[in-house]
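Here is a short briefing to read alongside the model. Have the viewer open and follow the contacts as they come up.

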Amino acid sequence: QVQLVESGGGLVQAGGSLRLSCAGSGRTIFGYNMDWFRQAPGKEREFVARISWSGGSTNYADSVKGRFTISRDDAKNTVWLQMDSLKPEDTAVYYCAARWKLKNAGYDYWGQGTQVTVSS
């Protein structure tokens with residue numbers, strides 16, 4: 001079992017930055033593709049970013065491309081989401097999720113989420 005705990009959320013003005021962390025415990029996140037999702041009030045959960053299990057590839061939603069950066073350090077069992085040039089529409093609860101590298105769908109573990117609020 002991997003427990004994922006997000007942190008780093010908070011209140012920031014538009015144009016500001018935040019760095020979210022997703023810390024794994026219980027076992028290593030090595031071998032897992034790691035994703036960030038977000039869910040705004042009244043909206044469905046949406047994909048934000050992905051980093052492959054090797055760290056060799058990343059993917060981003062169009063809405064955050066060029067502003068957000070996902071990274072990982074398996075030695076620290078942690079994944080980060082650097083969020084720059086934040087906009088009010090980035091306001092949401094942000095979740096990290098882990099999917100074993102050999103799986104094509106579904107997620108093995110989810111974190112509890114961290115709130116990000118961007119004021120205009």
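## Ser-21 and its surroundings

The side chains of Ser-21 and Trp-80 are joined by a polar contact of 3.4 Å. Keep in mind that this is a predicted model.

**Around Ser-21**

- Ser-21 has its place in strand S3.
- Its relative accessibility is 18%, so Ser-21 counts as buried, the limit being under 20%.
- Beyond its neighbours within four places in sequence, Ser-21 is in contact with Val-5, Glu-6, Ser-7, Trp-36, Thr-78, Val-79 and Trp-80.

**The disulfide**

- How many disulfides does a search of the whole structure find? There is one, formed by Cys-22 and Cys-96 with their sulfur atoms 2.0 Å apart.
- Cys-22 lies in strand S3 (residues 18-25) and Cys-96 in strand S9 (residues 92-100), so the pair ties together parts that are 74 residues apart in sequence.
- The torsion about the S-S bond of Cys-22 and Cys-96 is about 65°, and therefore the disulfide is right-handed.
- Cys-22 and Cys-96 are both buried.

**Salt bridges**

- The count of salt bridges comes to seven.
- One of them pairs Arg-38 with Asp-90, and the closest N and O atoms are 2.9 Å apart. This pair links distant parts of the chain, with Arg-38 in strand S4 and Asp-90 in the loop between strand S8 (78-83) and S9, 52 residues apart.
- Arg-38 is buried, as is Asp-90.
- Asp-90 also forms a salt bridge with Arg-67, where the closest N and O atoms are 2.8 Å apart. Because Arg-67 lies in the loop between strand S6 (58-60) and strand S7 (68-73), while Asp-90 is in the loop between S8 and S9, this pair ties together parts that are 23 residues apart in sequence.
- Is Asp-90 buried or exposed? With a relative accessible area of 1%, Asp-90 is buried; Arg-67, with a relative accessible area of 10%, is buried as well.
- Asp-74 and Arg-72 form another salt bridge, with the closest N and O atoms 2.9 Å apart. Asp-74 is partly exposed, with a relative accessible area of 23%, whereas Arg-72 is buried at 15%.
- Which residues do salt bridges with shared partners join into one network? They are Arg-38, Glu-46, Arg-67 and Asp-90.

**Strand pairs and hairpins**

- S4 pairs with strand S5 (residues 46-51) in the antiparallel sense, over five bridges. Across this pair, Trp-36 stands opposite Ala-49 in S5.
- The hairpin of S4 and S5 has six residues between the strands, and in this hairpin Gly-42 takes a positive phi near 75°.
- S5 also pairs with S6 in the antiparallel sense, over three bridges. Here Ala-49 stands opposite Tyr-60 in S6.
- The hairpin of S5 and S6 has six residues between the strands, with Gly-55 taking a positive phi near 80°.

**Phe-37 in strand S4**

- Phe-37 is found in strand S4 (residues 32-39).
- At 10% relative accessibility, Phe-37 falls under the 20% limit and so counts as buried.
- Leaving aside neighbours within four places in sequence, Phe-37 has contacts that include Arg-45, Glu-46, Phe-47, Val-48, Tyr-95, Tyr-107 and Trp-110.
- From C-alpha to C-alpha, Phe-37 and Gly-56 are 20 Å apart in space, and they are 19 residues apart in sequence.

**The nonpolar core**

- The largest nonpolar core has 30 residues, and those with the most contacts inside it are Leu-4, Met-34, Trp-36, Leu-81, Met-83 and Tyr-94.
- Which elements give two or more residues to this core? They are S3, S4, S5, S7, S8, S9 and strand S11 (114-119).
- S9 gives the most to this core, with four residues.

Conventions. Residues are numbered from 1 along each chain as its sequence is written. This is a predicted model: local features need pLDDT of at least 70, side-chain atom pairs count only at pLDDT 80 or more; totals for chains, interfaces and linings use all residues. Side-chain values use heavy atoms; hydrogens and water are left out. Buried means under 20% relative accessible area, exposed over 50%, partly exposed in between (1.4 Å probe, protein chains only). Contact means heavy atoms within 4.5 Å. A disulfide is a pair of cysteine sulfur atoms within 2.5 Å. A polar contact is a pair of N or O atoms within 3.5 Å; within protein, one must be able to donate a hydrogen and the other to accept it, and residues adjacent in sequence count only if both atoms are side-chain atoms. A salt bridge is a side-chain nitrogen of Lys or Arg within 4 Å of a carboxyl oxygen of Asp or Glu. Two strands pair if DSSP finds at least two bridges between them. A nonpolar core is a set of buried Ala, Val, Leu, Ile, Met, Phe, Trp, Tyr and Cys residues joined through side-chain atoms within 4.5 Å.
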